Amino acid sequence: MKMREAVNYAVLRFAPYPETEEFANVGVIVATPGKGYFGYRMVTSEKRARRFGPELPNGLYKAARGAIEQELERI
C-alpha cells in the first residue's frame, strides 16, 4: 500500500510594480513536513523580469533573487 505524503508549496512571484498588480512566477518552494524536506527552485534568467519594461533597473531581478535565496538557505 502506498502512503500519501502531504506537500506544502508556495509560488515565488516577482512584482516590481505592486500598484499594477502584475507579476511573473519565478520559482517554487516545496516542503514535506513528514519527511523533513524543504527545497526551492528559481528562474535564474532575467528574461521574465525584462518583460516589465526597459525602465526596470539592470540587475534588479538578480539582486532580488539573491536576497530571496539567501533567506531560503537560512531557513
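**Figure 1. Overall fold of the protein chain.** From the N terminus on, the elements of the protein chain run β-β-β-α-α, and they come to 2 helices and 3 strands. Helices (H or I, at least four residues) and strands (E, at least two) are DSSP runs, numbered from the N terminus. The radius of gyration, taken over C-alpha atoms, is compared here with a globule rule of 2.2 Å times the number of residues to the power 0.38. Because the radius of gyration is 15 Å, well over the 11 Å that this rule gives for 75 residues, the chain is more spread out than a compact globule. Along the principal axes, the C-alpha atoms fill a box of roughly 55 × 25 × 20 Å. This is a predicted model, in which local features need pLDDT of at least 70 and side-chain atom pairs count only at pLDDT 80 or more, while totals for chains, interfaces and linings use all residues. Residues are numbered from 1 along each chain as its sequence is written, and side-chain values use heavy atoms, with hydrogens and water left out.

**Figure 2. Confidence of the prediction.** The pLDDT, the predictor's confidence in each residue from 0 to 100, averages 88 over the protein chain, and 99% of the residues score at least 70.

**Figure 3. The open sheet.** The 3 strands form an open sheet in the order β1-β2-β3, with antiparallel pairing. The edge strands are β1 and β3, each of which pairs on one side only. Two strands pair if DSSP finds at least two bridges between them. Strand β1 (residues 8-14) is joined by 7 bridges to strand β2 (residues 24-32), and 6 bridges connect β2 with strand β3 (residues 37-42). Strands of a sheet pair through backbone hydrogen bonds, either parallel or antiparallel.

Figure 4. Which residue of β2 is the bridge partner of Ala 10? The partner is Ile 29, and Ile 29 has Tyr 40 as its bridge partner in β3. Tyr 9 is likewise bridged to Val 30 in β2. The hairpin of β2 and β3 has 4 residues between the strands, and Gly 36 takes a positive phi near 70° there.

**Figure 5. The largest nonpolar core.** A nonpolar core is a set of buried Ala, Val, Leu, Ile, Met, Phe, Trp, Tyr and Cys residues joined through side-chain atoms within 4.5 Å. Buried means under 20% relative accessible area, exposed over 50%, and partly exposed in between (1.4 Å probe, protein chains only). The largest core has 11 residues, among them Leu 12, Phe 14, Val 26, Ile 29, Met 42 and Tyr 61. The elements that give two or more residues to this core are β1, β2 and α2 (60-74), and β2 gives the most, with 3 residues. Contact means heavy atoms within 4.5 Å. Leaving aside neighbours within four places in sequence, the contacts of Val 26 include Leu 12, Phe 14, Met 42 and Tyr 61.

Figure 6. Thr 32 has its place in strand β2. Is Thr 32 buried or exposed? Thr 32 counts as buried because its relative accessibility is 9%. Not counting residues up to four places away in sequence, Thr 32 touches Glu 5, Ala 6, Val 7 and Tyr 37. Thr 32 and Val 7 are 25 residues apart along the chain, yet their C-alpha atoms are separated by 4.7 Å.
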